[in-house]
Amino acid sequence: MTGHNAPHCVPTARPTAAPTTRPADPSSAPSSDSPADPSFTDTARPTVTDHPTVTDHPTVTDHPTRWHVPVIGGLPADQRLIGGARELATRLVAALLDRVPVYRRLPREQVTGELTRDAERRIRALAHAVRTGLPAPAEEFTDVREAAARRAEEGLPLDAVLLAHHLGLEVCWEFLTRDAHAGDAADLLLLNRLLLDQLRRAAIAAGAGYLDGQRSAGDRRSTARQSLLTALLAGTPIEEAAARAGTELPAGYAVLCLSLADHPDEYSPGIDPGIAARRKLRRFGAELDHRTRQSALTALTPSGGLVLVPLDTAPDPTTAPTEGRVADEPWPQLSAALAAAARAAGVPVLAGAAAAVPAEVPGAAALAYEVLDVAKAFGLPPGLHRLDDVLLEYQLTRPSRARSRLAALLEPLADGGELLTTLRTHLAGGLNRRHTAGALHLHPNTVDYRLRRIAVLTGLDPARPADVLRITAAIAARTAEQSGLARRMTEPPSPAGQL
């Protein structure tokens, strides 16, 4: 039984007592049509705050020397909570889904997983308060505050955040009092006062956390770091910006230009795509921060962005600055960090990468953007790609007379789509006819026929080693021209404009 359907528990012997008093007046809460926030159940992440712990106004829980555990229906209330914690957590989440329809738009795995587990943990903390007469442990109110901050960042209204706390304790109250006896009025009143105190503390923490969240995206440290990132990309003096950010300039930066795929939840019926996109980005950013020890400078949106990771070793001065070549050691770690962040976000992530000393970051950012563009145009797999990984493809996107001539070599195959597909598949499979047949679900003899037709139409025989190089170059040039990549490359991108 949850929400509006739970019966009131009214002692018959003492009708003037307050056993039916609820921790909050439902009439003061937003309607069930208002969007609500699961802050009572949400998983908290550490944030930096400067507000004191909520301890003002002495209450019944501040002086527990005469405290006795309320006994409801012959069972101590704390034992009732502990014994039914799992059932109650499930009931609480069900009440959220029932009474706050907007909550149904969240991903199912979030609702049935982390939120239910977190609800059970907080119910056990409430049982501690009932047993001792003291407030729940301070970390629980810290969790409440940080959950409210995340809800603010996701755009949920404050009244929804507060309603979640009222609903949570209302469900707990109904659970505790459903088996009350007529003689339990005094203990019910004591329990009611404790729950009201818990609600007061939670509401204050949630309100403060909500304000934290509203300004978290633009807090002072983040603003200073963004100013440093802007200065690095613009090529303007960076020493003063680094001092304001409280950081020492590293020997160099690895510049990653990222493309994040859409998460399936962003297209799932009934799920708010904005919430799903922000959740994807939050998970990606959190894992990336963890892997880089919060040292990276980032400018990210749900579709991608730019990341600058400090390097202990400067790029090799014997090479051109925009080549971004450094010792091989950092790249495997960066590739692993990117893969871990992609797994956390649940989406494929493609990255172009380059490296440079701080003063040459603009050139490295432009190169990383171009490498990413090439990787996308040529359908390279998710992960981190550097110039060395796309040398042929990159060169064929440079303006030249040879590029268009190379692309024209395959023009006779334009009307026979299956021939060009067969040729691409055959090259990608190492010129193995059986692999090509399996990939295209064809008989090997059909593959042989198509390869002979390609040779007749183009004059290039895939079975002749001397022609394979020209075929490979022709396919790359054709891909570049069809994608429009060659035209875009004639005007180098502005690194600052990519943000």
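α2 and α3 cross in a right-handed sense, where right-handed means that the near helix is turned clockwise from the far one by less than a right angle, and left-handed that it is turned anticlockwise. The model is predicted, with local features requiring pLDDT of at least 70 and side-chain atom pairs pLDDT 80 or more, while totals for chains, interfaces and linings use all residues. Residues are numbered from 1 along each chain as its sequence is written, and side-chain values use heavy atoms, without hydrogens and water. Helices are DSSP runs of H or I with at least four residues, numbered from the N terminus.

Helix α3 covers residues 108–132, and its axis lies 8 Å from that of α2 at an angle of about 125°. Axes are lines fitted to C-alpha atoms over the stretch in contact, and angles run from 0 to 180 degrees between N-to-C directions. The two helices, α2 and α3, are therefore oblique; angles under 35 degrees count as roughly parallel, over 145 as roughly antiparallel, 65 to 115 as roughly perpendicular and the rest as oblique. In contact (heavy atoms within 4.5 Å) are A85, R86, L88, A89, T90, V93 and L97 of α2 with V111, L115, T116, A119, E120, I123 and R124 of α3. By class, this contact of α2 with α3 has nine nonpolar, two polar and three charged residues. Ala, Val, Leu, Ile, Met, Phe, Trp, Tyr, Cys and Pro count as nonpolar, Asp, Glu, Lys and Arg as charged, and the others, Gly among them, as polar.

Helix α2 (residues 85–99) also packs on helix α5 (residues 158–177), at about 130° and with the axes 10 Å apart. This crossing of α2 and α5 is right-handed. On the α2 side, E87, L88, R91, L92, A95, L96 and R99 meet L167, G168, E170, V171, C172 and F175 of α5. Eight nonpolar, one polar and four charged residues make up the contact of α2 with α5.

Elsewhere, helix α13 (residues 401–408) and helix α17 (residues 465–483) cross at roughly 105°, their axes coming within 7 Å. α13 and α17 are therefore roughly perpendicular. R403, S404, L406 and A407 of α13 meet R470, A473, A474, A477, R478 and E481 of α17.

What lines the second largest cavity? Its lining consists of P107, H263, D265, A276, R279, K280, R283 and A345. Helix α9 (residues 273–291) provides the largest share of this lining, four residues.

Methods:
On a 1 Å grid over the protein atoms alone, a cavity is a set of points where a 1.4 Å probe fits but cannot get out, and a pocket is an open set with protein on both sides within 12 Å along at least five of seven lines; lining residues have an atom within 4 Å of a point.
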